[in-house]
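Me: Hey, I've got a new structure open and I'd like to talk it through. Can you take some quick questions?

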Amino acid sequence: MVFAGAVLAGCQQAELAVTDASVQLPVVSGRPGAAYFTVKGGAQTTSLVAVSTPVAIRTEMHEMKQEGGMMTMAPLKDVAIPAGGTVEFKSGGKHVMLFDVSPSVRSGDTVPLRLSFADGRTIEVKAAARAAGDAADHGAH
């Protein structure tokens, strides 16, 4: 019986998923906010090609890197999501810039995020909005 359960567990396909979503609200009105989350790859490799939200006019995926002793930030066209792998969008690394965030969004609100993948799939998640200084603050993007 235990052996059958182990065999069945091994046959289950990994499913593309998004967890731990949060939105860092702009510190100053008119400045961009940021979205953070973790993408867990499914059975097949894909790429994240876009992230959108109705609370921002425009979004861009970016990555911060250490180059020549300085931190630089560059836009990303897409982000590879390896089969069965995990890609984190977090402060100081990959993140999504949220431009012109609605001033009606407050800390503690829930913000919808829609992630679009190269294989045509989309995943919608609810992200917890946080202001600078909140307990789960991710700091500067």
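Me: Let's start with Asp 100. Is it buried, partly exposed or exposed?

Reply: Asp 100 counts as partly exposed, because its relative accessibility is 48% and the cut-off for exposed is over 50%. Keep in mind that this is a predicted model.

Me: Which strand is Asp 100 found in?

Reply: Asp 100 sits in strand S8. Its backbone deserves a look too: phi of Asp 100 is near 55°, a positive value in a residue other than glycine.

Me: OK, and what's the phi of Asp 20?

Reply: Asp 20 has a positive phi of about 55°, and it isn't a glycine either. You'll find Asp 20 in strand S1, which covers residues 17–24. Asp 20 counts as exposed, with 61% relative accessibility.

Me: New topic. How many salt bridges does a search of the whole structure find?

Reply: The search turns up four. One of them joins Lys 94 and Glu 63 through their side chains, at 3.1 Å from N to O. That pair links distant parts of the chain, with Lys 94 in strand S8 (residues 94–101) and Glu 63 in strand S4 (residues 56–67), 31 residues apart.

Me: Is Glu 63 buried or exposed?

Reply: Glu 63 is buried, because its relative accessible area is 18% and buried means under 20%.

Me: What else does Glu 63 touch, leaving out residues up to four places away in sequence?

Reply: Besides Lys 94, the list has Thr 72, Met 73, Ala 74, Leu 76, Gly 93 and His 95.

Me: Which residue forms a salt bridge with Arg 114?

Reply: That's Glu 124, with the closest N and O atoms 2.6 Å apart. This pair also links distant parts of the chain: Arg 114 is in strand S9 (residues 110–117) and Glu 124 is in strand S10 (residues 122–130), 10 residues apart. Arg 114 is partly exposed at 35% relative accessible area, while Glu 124 is exposed at 57%.

Me: And what does Arg 58 do with Glu 60?

Reply: Their side chains meet in a salt bridge, 2.2 Å from N to O. Arg 58 is partly exposed, with a relative accessible area of 41%, and Glu 60 is partly exposed too, at 27%. Arg 58 also lies over the face of Phe 99, at 4.0 Å from the ring centre.

Me: What does Leu 115 touch, not counting residues up to four places away in sequence?

Reply: Among them are Phe 37 and Leu 48. Leu 115 also touches Val 18, Val 39, Ala 50 and Val 51, as well as Arg 121, Thr 122, Ile 123 and Val 125.

Methods: Residues numbered from 1 in each chain as written. Predicted model: local features only at pLDDT ≥ 70, side-chain atom pairs only at ≥ 80, totals over all residues. Heavy atoms only, no water. Contact = heavy atoms within 4.5 Å. Buried < 20%, exposed > 50% of the residue type's maximum accessible area, 1.4 Å probe, protein only. Helix = DSSP H or I, 4+ residues; strand = E, 2+ residues; numbered from the N terminus. Lys NZ or Arg CZ within 6 Å of the ring centre and 35° of its normal.
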